[in-house]
Amino acid sequence: VATNGVQHALPEQRQILDVFTCIRNHTTLNQAGRLLARNNERHVKTPEEMSRLFADLPEAIANTGEIASRLEFTLADLGYEFPRYPVPEGESMMSFLRKRTAEGERARYGRKDRALQERAHRQIERELTLVEKLKLEGYFLIVWDIVRFCGEQGILVQGRGSAANSAVCYSLGITAVDPVGMDLLFERFLSEERGEWPDIDLDLPSGDQRERAIQYVYERYGKLGAAMTANVITYRGRSAAREVGKALEFDTETIERLSRLVGTWEYRAPDETMEAQFRLAGCDLRHPRMRKYLELCLAMQDLPRHLGQHSGGMVICQGQLDSVVPVEPASMPGRVVVQWDKEDCADMGIIKVDLLGLGMMAVLEDTLDIIRCDYGEEVDLAQIPPDDPAVYAALQKADTVGMFQIESRAQMSCLPRLRPARFYDIVIQVALIRPGPIVGEMVNPYIRRRQGRMPVKYAHPALEPILERTLGVPLFQEQLLRIAMVAAGFTGGEAEELRRALGAKRSQQRMKEIEIKLRAGMTRNGIETATQDEIVQSIVSFALYGFPESHAASFALIAYASAYLKTHYLGAFTAAILNNQPMGFYSPATLVKDAQRHGLRVLPVDVTKSDWLCTLEGHSAVSNQHSARAESTHPCHKGHTGDEATHSEPRTDHRELALRMGLRYVRGLREEAAQALRRARAKAPFASIADLAQRVPELQRNELVTLADIGALNAIGKLPAASYQPPAAGCDWTKAGSRKLVAGSFHRRDALWQAEAAAQPLGELLEEVPKPDGESPLAQMNDEERLLADFRGTGLTVGPHPMAYHRERMDRMGVRRASDLEQLPNNKRVKVAGAIIVRQRPGTAHGFVFLSMEDETGIANIIITPDMFDRHRMMLVQERFLMIEGVLQNIDRVVSVKATHIAPMRYIEAPTTARDFH
């Protein structure tokens, strides 16, 4: 048999093959030796080339053709079958689905007005008829079963995506969005012409709760009946620079400098090529080795790097899934993964259910638990007031740090102009700040029409019912489909074909074919050519990034819930969001400062009170109410071991609660050591740092030192003088290394002195030597030293913001506070300064860079022009604190500073962190 042992498609790809060989074997090109291919011939050859190579063995060529002709297998022969849902005897899957849907219909629509009930019933019957025709009843029942399990287990779950277009999904409790009441388009979810499975995404709390749902699916359908889909991770600029650099044996400093610069920017200027970034990093591209480095990095772009696990996609099969697709154990115990990615599975008709982990769902769930336990109240998300004035007041002021989907700088700049006053305004807000409306230049027209500064108009009178609630501006994919159906007479399937053709992988040929059909349909409907041009242009410019209205509505529900809980239960919401980091748009340091500005008292980590997670407690550090709680993890919190005292009676006055930072925020502290500390503390208070070290041997020296450095040991041994009891007879307190249990001055360096002594036990010869009980010889830390220790040990501070220590200096320099800016007039020259907490360079902003800069009073928004970014790139990317001078833009309550001068503030040493270019 004639074969070429092909390992690369083209001759020039031999070099990439060699680099991949080095990566796979953890070696370099100089040391790879015989691991590399012997020659450059293992590429795909033409039949003529193969015939020449095997001229002496013509039968080999013939045999190859003979074997190939016998291979009749195609991927259409997979034999995949979606599982049948088990139903009671005497029921079919369809009859069972109809009964469950009818029950949900009565619950969802029973109290609605008569007209809506009738519309809903007609829509449900229409959908069920199509479901039965397409034999999809099993799919709906399986998703319903997952939602039912989550409800029984108290796991928050919400369907989103196009499933929210279905009245059947709404009746089954899969989604919380009423598609009939919102007049959503069912064809966006399912149509006879689509020829593909519908797509239902379930949002679950990230972490343990989502894993419980995933494991339920495994248990229900067997380890070989369900599996996670894969995700192909490809090489990008940064990963390519690192891997190629190692293979070529470049020094670590060069590799790190390049990988920092060759990042995943959202926007790239025309001249911002990888070659330009190499030059910026100081690489001499005239050197042949450096030039080869660049060539290999470019050649590796978008090639597969490794196979990862999809964030939540699960495929389910009737019988053994491994007879259809290769299956392997995942790196996470208890999981199985198929070796195809989600696109491959979709192409092969393998149905997928997405069980997606959403951080905000976990925050909402934990917030409700904390409210129940600490406030003594029951809050049901389904029953929260839909038009709460305090929520909309916060949204109109763009006071949205920590809120789901509406906390970004772009969202904050839109909120004061849009001024949401009802739920549908939030739906629009979620969808408006997306690439589609921005690229299609629809954001400003919509806002100006809403403000009454521009008249509402429609390209054609027939489009008014479709675009009326978005003021004539198409914002949603459903509107796109309806426009095609009304203006050009498209069927639902044809409209969905249009949406896919204009998607991210659109084909120019398909677009031209569909445009011909669009124009032919509009001509039949008597629409003039100029109007046709306008409609086609709006469809083409928008469809690439279109956002489904159903998806926006699902997200808007979560956004409103997060806003309501933050507004009315700040302590519980802040504790929950801190306990579920990393997530969201801002770092824990910014979330803490925002909560403090809203009046929440935040207390530091304290080994005598802190649990692993952040918790709520009373204001008084020695309150009797708090005593039991201080020594146990709250039973409402994850991680409770059940072996300690229960919490005290719930307190209902929110103002009397403060947030105590959890031990999880101590950098380098392992959870097992923290839990051991809690167990020891529950048995008896720690008499001294030495006592702590002796009773919690799980604590390593570096962990004990970090606890001392951040002040978490300062309260050990501090009891009221009246409660002090002398040691019992026969107890050698001096040998135990204990301090007197009386209130007194006990500072961080004192704790560090004792921690170091306690962490280094003495040998036998010195055990009997009396230890002095005096103060340590170390001076107390000053304010800035404590600040640095806080950031070094926890990444944040509950004390004053770093800028607060320099406010007098800032005042002398004429630097404005962030909170002052909204009172100043437009076009005024100002100076501002602060810590950079967010850097953004959106692909839709034509190279502009946006900074969020925080001081002790709030956040200021900074606009950096492309040329200024080019001039000051390293400073803008690397400096933590900046002083900006520029022109204030204060229009429609949206405030920002357009920078003209930039200076670093290296005299502020706090090691703050920023969320950069996400």
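User: How many residues lie between E13 and E14 in the hairpin that they form?
Analyst: Helices (H or I, at least four residues) and strands (E, at least two) are DSSP runs, numbered from the N terminus, and two strands pair if DSSP finds at least two bridges between them. E13 and strand E14 (residues 858–864) pair in the antiparallel sense over seven bridges, and in this pairing Val-849 stands opposite Ile-864 in E14. The number of residues between E13 and E14 in their hairpin is two.

User: What kind of model is this, and how are its residues numbered?
Analyst: This is a predicted model, in which local features need pLDDT of at least 70 and side-chain atom pairs count only at pLDDT 80 or more, while totals for chains, interfaces and linings use all residues. Side-chain values use heavy atoms, with hydrogens and water left out, and residues are numbered from 1 along each chain as its sequence is written.

User: Which residue of E13 is the bridge partner of Ile-836?
Analyst: Strand E12 (residues 829–840) runs antiparallel to E13, and five bridges join them. In E13, the bridge partner of Ile-836 is Met-853.

User: How many residues of strand E13 (residues 849–855) are buried?
Analyst: Buried means under 20% relative accessible area, exposed over 50%, and partly exposed in between (1.4 Å probe, protein chains only). In a regular strand the side chains alternate between the two faces of the sheet. Here Val-849, Leu-851, Met-853 and Asp-855 point one way from E13, Phe-850, Ser-852 and Glu-854 point the other way, and all are buried. E13 is therefore largely enclosed by the rest of the structure, the count of its buried residues being seven of the seven.

User: Which strands are at the edges of the open sheet of seven strands?
Analyst: The order of this sheet is E1-E2-E7-E4-E3-E6-E5, and its pairing is mixed. Each edge strand pairs on one side only, and these are strand E1 (158–160) and strand E5 (327–329).

User: Which residue of E6 is the bridge partner of Pro-329?
Analyst: Three bridges join E5 to strand E6 (residues 336–341), and the two strands run antiparallel. In E6, the bridge partner of Pro-329 is Val-336.

User: How far apart are the end C-alpha atoms of helix H35 (residues 783–794)?
Analyst: The expected span of a helix is 1.5 Å times one less than its number of residues. For the 12 residues of H35 this should give 16 Å, which agrees with the distance between the end C-alpha atoms, 16 Å.

User: Which helices do the buried residues of H35 pack against?
Analyst: The buried residues of H35 include Leu-787, Leu-788 and Phe-791. They pack against helix H28 (588–597), helix H32 (701–709) and helix H34 (748–759).

Key: Contact means heavy atoms within 4.5 Å.
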